[in-house]
Amino acid sequence: MVKDGVSVWEDCLKFIRGQVGDQSFKTWFEPIKPINLDDQVLTIQVPSQFFYEYLEEHYVHVLRQVIYNELGPAGRLEYSVIVDSGSTKNQPYVVTLPNQNHNKKWDRTAPTSPTISNPFEMPSLEEEFRYSNLNPNYDFENYIEGDCNRLARSAGLAVAEKPGVTSFNPLMIYGGVGLGKTHLVQAIGNKVGGADKKNFVLYVSSEKFTTQFTDAIKNNSIQSFTNFYLQVDTLLIDDVQFFAGKEKTQEMFFHIFNHLHQNGKQIVMSSDRPPRDLKGLQDRLLSRFKWGLTADLQMPDFETRMAIILRKMQSDGIFIPDDVVEYLAYSVDTNVRELEGVLISIIAHATLNKSEINLELAKQTLKNIVHDIESEVGVDYIQKSVGEYFQISVADLKDKTRKKEIVIARQVAMYLCKEYTNHSLKSIGYHFGGRDHSTVIHAVQSVSDMMDVDNSFGSQINELKKKMRMKSV
Ligand code: ADP
Ligand code: MG
């Protein structure tokens, strides 16, 4: 062990500690041992492959920076990964891996070459996004088609085949939580990138875009932020409802959107509600969204749910009896993510208990997931959640205001109170600024009528209901 390696690493740790917070430092950095420093290559030993991957995924920037600080531009970092901790007979088995992100773009295998081409530099957006952020598991083949998604899916396919060329630009996909927005948006990206490696595809969540933008303001690097986004050929931006109320971010996005659109680049967006309900987004941005095509995703019907389960069974190589498949497709009608969640729980139960998958087990599992909800959810919680969801203050919910949005939100909150609490109609009225019980009856009735005729309103309410159920778990 070269003495220098230890002291270099000690200095590195001092810097890292200031960057990552105590808990992460303890978990991820304390277990590391410096083992060698040779010609500006510092080798550190980590306890497992997972550890290596985790560090590379979450702390690559810090590591690059600290190596740059300590060893200069030619500095490099290598990991020695303990693959098998060994026994009295065997020595521990280690492999050496470079400090380099392990998922190459379009390449699903881990790198085998130990060389590293980039010297360590300050992290840039290019590096952060070198791999387009796409998950290769989301493709069109495993995106089951049904009435619920036909338009969105086929528009997505058309866009993926001819990005920037069809009139579906931007393509805006909207639908409630867990209905397949991210899957579809990613499938478009994978198809575009798979067919044309020169097309710079980028998937980014609106949340991440916002954080990067805020960081760029702080670091005085708006110019490089903009330059980076203006190079993109296919921009996939997920969950744009997150932009609500963020004026500066919207302005930046507007600018990027216009530039890309004018240059024939493809833009695909997703949102959890239709553009007309995107409160807190500037009109000029909303009007751009309507230039192309807006397509919705609904909850799959029974047959499509069956097909999704069967597809999942096939890809996971598991067998589930027909009556169980039918039972699940029939009972889980909230969203696809939940359907998958229940399926995974059932498989986990069967595996852990070494029992077979049968109807009894399915019923039991479902029962454990859907808890009795009454006691945990109170009026306050409902008012707060509904207020946040519709971006209305709790005071307004209780007030006399007759503004349409507020009235609807207030009725929704009353409806949820009736559904999820033990309060009487009279008591619910009391909690909404002393209204009488007939107002509550009317609210409950209007909400359920509206849910019947307006699908997107229905899915908003279902989302809120989901939130209530989650709270009680
Ligand atoms: P969202 O982004 O709308 O919240 P996701 O795209 O994350 O939803 O989808 C939730 C899960 O459901 C994912 O695992 C996805 O693969 C699956 N899924 C959704 N729709 C379909 C579909 N039509 N066919 C197959 N899987 C689907
Ligand atoms: Mg999503």
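Begin the tour by selecting Gln-282, which sits in the loop between strand S8 (266–271) and helix H11 (283–289); helices (H or I, at least four residues) and strands (E, at least two) are DSSP runs, numbered from the N terminus. This is a predicted model, in which local features need pLDDT of at least 70 and side-chain atom pairs count only at pLDDT 80 or more, while totals for chains, interfaces and linings use all residues. Residues are numbered from 1 along each chain as its sequence is written, chains are lettered from A and ligands numbered from 1 in the order in which they are written, and side-chain values use heavy atoms, with hydrogens and water left out.

**Two buried polar residues**

Gln-282 counts as buried, at 15% relative accessibility. Buried means under 20% relative accessible area, exposed over 50%, and partly exposed in between (1.4 Å probe, protein chains only). Display the side chain of Glu-247 as well: the side chain of Gln-282 makes a polar contact of 2.8 Å with it. A polar contact is a pair of N or O atoms within 3.5 Å; within protein, one must be able to donate a hydrogen and the other to accept it, and residues adjacent in sequence count only if both atoms are side-chain atoms.

Next, select Asn-258 in helix H10 (residues 247–262). Asn-258 is also buried, with a relative accessibility of 14%. Its side chain is joined to that of Arg-288 by a polar contact of 2.7 Å.

**The ligand site**

Now centre the view on ligand 1. Domain 2 (125–297) and domain 3 (302–369) both contribute residues to its shell, so the ligand lies between them; the domain bounds come from an automatic or database domain assignment. There are 17 residues around ligand 1, of which Gly-178, Thr-182, His-183, Arg-337 and Glu-340 come nearest. A residue is near a molecule or strand if one of its heavy atoms lies within 4 Å of it.

- Ile-144, where a polar backbone atom is 2.9 Å from a nitrogen atom of ligand 1.
- Leu-179, where a backbone N or O atom lies 3.3 Å from an oxygen atom of the ligand.
- Lys-181, where a polar backbone atom is 2.8 Å from an oxygen atom of the ligand.

Taken alone, ligand 1 exposes 550 Å², and the protein buries 90% of that; accessible areas come from the Shrake-Rupley method with a 1.4 Å probe, and for residues only the protein chains shown count as cover. Helix H7 (181–195) and helix H14 (336–352) are the elements that give two or more residues to the shell.

**Backbone geometry**

Select Asn-169 and Pro-170, whose connecting peptide bond is cis, with omega near 5 degrees. Pro-170 is placed in the loop between helix H6 (150–161) and strand S5 (171–174).

Move to Asp-39, in the loop between strand S1 (33–38) and strand S2 (41–46). Its phi is near 50 degrees, a positive value in a residue other than glycine. Asp-39 is exposed, with a relative accessible area of 66%.

Lys-354, in the loop between H14 and helix H15 (359–369), has a positive phi near 45 degrees. Lys-354 counts as exposed at 76% relative accessibility.

**The largest nonpolar core**

Finally, select Ile-382, Val-386, Phe-390, Val-412 and Leu-416, which touch the most other members of the 30-residue largest nonpolar core. A nonpolar core is a set of buried Ala, Val, Leu, Ile, Met, Phe, Trp, Tyr and Cys residues joined through side-chain atoms within 4.5 Å. Helix H16 (379–390), helix H18 (404–420), helix H20 (437–453) and helix H21 (455–472) each give two or more residues to this core. H18 gives the most, with ten residues.
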